[in-house]
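Colleague: I would like to learn how to read the features of a model like this one, step by step. Could we begin with strand order, and then go on to pairing, charged side chains and the overall fold?

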Amino acid sequence: MRMVPVSELRVNSELAIDIVDEEHKVLLTKGHILNQINVDRLQSTNIASVYITDKFCYNNTPTYTSQPTNVLRKVVTIRNAIHNAAQGIEANEAIAKALKAVNEIVSELDRQKYSLRIGYEPKKIALKDFDERTIYIAMMSSLLSLKIGFVKQQTYLVCLGALIKDIAVVSPTFKGQIDEKNKFHPIKGYSYMKEHYNFPEPVLQIILQHHELYDGKGYPYGLKGEEICPGARIIAIIELYYKIKTTHMEEGGSNLEQEFNKWASHLDPKYLDVFLKHANLFEPDMLVQLNNGDIAVVTSSPTNNPFKPRVKILRSETYQEGTILNLGDTRLAVYRVVYYVD
């Protein structure tokens, strides 16, 4: 199955997963063939992207994070808890439900930690406040923690920290004073949560240190190396991954690799090495145009260089259709992502 932004959807595409809105209402079911009315309606809603399948897809088994029932319900539960905690009203019950949701996430990721790869999940619903991106970053930070060797309890704390690290940004206590660019928001968030709630110190330290960088060029204290708590060092890698995938994905593998290399010195090298061995920079079934103009579909990511995936040639003036190439063994690279083969 392949992710396609709703803005790029075409008629006659077959849905690989149900389309669900933020209230968990199923809008269209798996297997539905989109007509023009469907496409027009989706493009006028808050649905941001959907999974489709066609003859170029070979992997049609949904991953845990791709299934809306595993994500959207938890988004609502966790969002309510964070908003209630931020406002200091009726928070205990909401937080209890959120902690249960976090435990479910970590337990399922732990169960699948050997088979799952760290991947990028764009938002399915276009929300402006606390949204899917936050929970996806928390999920992938948790998966990286498990890949590194953290036990479930340690991973649980990393997941919690990733979810509430920007509590000062959403808290009305600091409205008009604090935003994501304000370098004091980690301190404000740490102090707020320490004063009002009984969260474990490792979670509070993630809130305080989530903008610290391994080379000492972060903030608010300029901590360096292992002075930074492990959870914050892990989240920094996933945050960068999401930032680069969001802003540079359309530009292809060379630019992605250049951006990663530019930021590598800011990140824990041991954790980054684990990330690169277990991450998909280009997900299986993704359609790509190579720098020689060929069109191919990604089949897998080698552990030695995820920027140079294995691909199957679909259209080429050089290679026979169906040829499997490991781009790491060639001078070829991904030039850009495409969504359909014309």
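Colleague: In which order do the strands of the open three-stranded sheet lie, and how do they pair?

Modeller: This is a predicted model, and in it the open sheet of three strands has the order β1-β5-β2, with antiparallel pairing. The edge strands are β1 (2–5) and β2 (14–15), each of which pairs on one side only.

Colleague: How many bridges join β1 to β5?

Modeller: Four bridges join β1 to β5, which covers residues 49–53, and the two strands run antiparallel.

Colleague: Let us turn to β6, then. Which way do its side chains point, and are they buried or exposed?

Modeller: Strand β6 spans residues 287–290, and from it L287 and Q289 point one way while V288 and L290 point the other way; all of them are buried. Since the cut-off for buried is under 20% relative accessible area, the word applies here to Q289 as well as to L287, V288 and L290.

Colleague: Which strands is β6 joined to, and by how many bridges?

Modeller: Three bridges join β6 to β7 (residues 295–300), running antiparallel, and four bridges join β6 to β10 (residues 334–338), again antiparallel. With β7, moreover, β6 forms a hairpin that has four residues between the strands, and G293 in the turn has a positive phi of about 95°.

Colleague: Now the charged side chains. How many salt bridges does the structure hold, and what is the setting of the one between E93 and K97?

Modeller: The structure holds 13 salt bridges. For E93 and K97, the closest N and O atoms are 3.7 Å apart, and both residues lie in helix α3 (residues 91–111), four residues apart, about one turn of the helix. Both E93 and K97 are exposed.

Colleague: What is the distance between D268 and R233, and which parts of the chain does that pair link?

Modeller: The side chains of D268 and R233 meet in a salt bridge at 2.8 Å, N to O. This pair links distant parts of the chain, 35 residues apart, with D268 in the loop between α10 (253–263) and α11 (269–278) and R233 in helix α9 (residues 230–248). D268 is buried, with a relative accessible area of 4%, and R233 is buried as well, at 9%. Elsewhere, salt bridges that share partners join K165, D166 and E239 into one network.

Colleague: And K194 with E201, how far apart are the closest N and O atoms there?

Modeller: They are 3.5 Å apart in that salt bridge between K194 and E201. K194 is partly exposed, with a relative accessible area of 47%, and E201 is partly exposed too, at 32%.

Colleague: Finally, how does the radius of gyration of the protein chain agree with that of a compact globule?

Modeller: For 342 residues a compact globule would have a radius of gyration near 20 Å, and the protein chain has 21 Å, which agrees. The chain has 11 helices and 10 strands, and its C-alpha atoms fill a box of roughly 65 × 45 × 40 Å along the principal axes. Buried residues make up 55% of the 342 residues, and among contacts with a separation of 6 or more, 64% come from residues 24 or more positions apart.

Notes
Residues numbered from 1 in each chain as written. Predicted model: local features only at pLDDT ≥ 70, side-chain atom pairs only at ≥ 80, totals over all residues. Heavy atoms only, no water. Buried < 20%, exposed > 50% of the residue type's maximum accessible area, 1.4 Å probe, protein only. Pairing = 2+ DSSP bridges. Salt bridge = Lys/Arg side-chain N within 4 Å of Asp/Glu carboxyl O. Rg over C-alpha atoms; globule rule 2.2 N^0.38 Å. Contact = heavy atoms within 4.5 Å.
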